[in-house]
Amino acid sequence: MTVATTLHDELRDRFGDRFSTAAAVRDHHGKDDSHHPTIPPDGVVFAQSTEDVAYTVQACARHRTPVIPFGAGTSIEGHVQALHGGISIDMSGMNRVLAVRPDDLDATVEAGVTRLQLDRELRGTGLFFPVDPGADATLGGMAATGASGTTTVRYGTMRDNVVSLTAVLASGEVVRTGGRARKSSAGYDLTHLLVGSEGTLGVITELTVRLHPVPEAMAAAVCAFPDLDEAVRSVVEGIQLGVPVARAELLDATAVKAANLHSGFDYAETPTVFFEFHGSEGDIKAHCAMIEEVCRGLGGTAFTYARRQEDRARLWKARHDIYPAMLALRPGSHGLTSDVCVPISRLAECIAATRDDMMSASIPWGIVGHVGDGNFHTLFMIDPHSEAELAEAEALNERMVRRALAMEGTCTGEHGIGMGKIGFLREEYGDAGVGVMRAVKAALDPGGILNPGKVLGPMDLADARAKSSAGVRQSR
């Protein structure tokens, strides 16, 4: 009897029909929203509690079998592909909002609760959860990838909005990383070690997140520009003036065309910025006036405002739908999308150089960005059957990433490393930095079973165990 069969029998005995080896189920759990190929796990456990996750990880640890956490499958850099086979743990059944505490401005949720589900739960409380990556991702997955999105410029990323969490370690042990106090100087910061670790250090099962009061007033505004450079500079100059914009989203001409066709708008197909402002009525009036003045000085058109909630929702839905909208410009295409983030003083320069580089591309492309925090994305609409187009897009992406690193930026502002950007991690952190990460990985996951092959790249199970054993010998 093989190890896999023994493990599968054990999981089937425990979970019954909540454990599946059906091909369709496995394929679904071996693919995210990226261009990376489907690599299915050997089986899928549909967890409903932290205890289910702990049992599964313990069983996999005994059989030295990889474990891959799965939320909603909306990640973008190959986070869920089972590179070495193993068991996928589907967290979508862990979808209870455990507590909402308006007096403390926080909520505790299971990892499978989605962003929009929490939004519905908070209606009537006067509070909201601000991190908005666009997709209706699970909060556990958002924490695992260190997600951010359109509101980051005002409210921060998941790293800023997770107070504490519960996670299952590679041993199957359950760890809680803190309480609900707004600050702590007690020991190592385990919460933020696990946030952004992409399932390679632990499986997040519960998290306590910060909530924010719903602003008294909100207003969205749209402004078109004659050129991409002026559009970017309008946001950068506004931020440097201290205007507290809540969102500042750039769409190049291609993206605006896609939004018009997909969402029924009729915006001029030139580089455009979608702004949003939060605050009192007086604050919004003052902040809009300041940004309008900046935009006029850079050739921007008069603002088109959206004040009603339904109008703002339609506007931001169009922005969130920009990925499928752009793919629809080339029916049958697959998207190769990437992101970088640079200091805002270098943003206009980085985007301009990237655009100039991409002008010679033989494949259609577009640029969008959360430009208020220096983060932008490129999207190539590639023929899924063309190796040449894939290679061309990857080469352009590589140059963009190195350009951002040369400007003291990062190879990814919010997508994460996954298996797609492993090669750039060493360039960003150097041998010593990656060495520290490998030491942490070996200490917390000595068997190398947690989402192997992601973030740090090839580090096979035997290598991980050898490193861990060496560390134990040295400590003695």
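What we have here is a predicted model, in which local features need pLDDT of at least 70 and side-chain atom pairs count only at pLDDT 80 or more, while totals for chains, interfaces and linings use all residues. Residues are numbered from 1 along each chain as its sequence is written, and side-chain values use heavy atoms, with hydrogens and water left out.

Let me start with the sheets. Four strands make up an open sheet of mixed pairing, in the order S1-S2-S4-S3, and its edge strands, S1 (19-20) and S3 (67-70), each pair on one side only. Inside that order, strand S2 (residues 43-46) and strand S4 (residues 87-90) are paired in the parallel sense over four bridges, and Phe-46 has Asp-90 in S4 as its bridge partner. Helix H3 packs on this sheet, touching S2, S3 and S4, and its direction makes about 175° with that of S4; contact here means heavy atoms within 4.5 Å, and the axes are lines fitted to C-alpha atoms, for helices over the stretch in contact, with angles running from 0 to 180 degrees between N-to-C directions.

H3 itself has 13 residues and reaches 18 Å from its first C-alpha to its last, close to the 18 Å expected at 1.5 Å a residue, where the expected span is 1.5 Å times one less than the number of residues. Its buried residues (under 20% relative accessible area, with exposed meaning over 50%, partly exposed in between, 1.4 Å probe, protein chains only) include Val-53, Val-57 and Cys-60. Thr-50, which lies in H3, is buried as well, at a relative accessible area of 7%, and, not counting residues up to four places away in sequence, touches Met-94, Thr-166, Val-168, Val-174, Thr-205 and Glu-206. After H3 comes Arg-64, with a positive phi near 50°.

The other sheet I want to show is open and antiparallel, with five strands in the order S5-S6-S10-S8-S9. Four bridges join S5 to strand S6 (residues 106-110), and Val-97 stands opposite Val-109 in S6.

Turning to the interior, a nonpolar core is a set of buried Ala, Val, Leu, Ile, Met, Phe, Trp, Tyr and Cys residues joined through side-chain atoms within 4.5 Å. The largest has 54 residues, of which Leu-250, Phe-275, Phe-277, Ile-351 and Phe-380 touch the most other members, and helix H15 (residues 387-406) gives the most to this core, with six residues. A second, separate core of 28 residues includes Val-109, Val-131, Val-175 and Val-209.

Technical notes
Helix = DSSP H or I, 4+ residues; strand = E, 2+ residues; numbered from the N terminus. Pairing = 2+ DSSP bridges.
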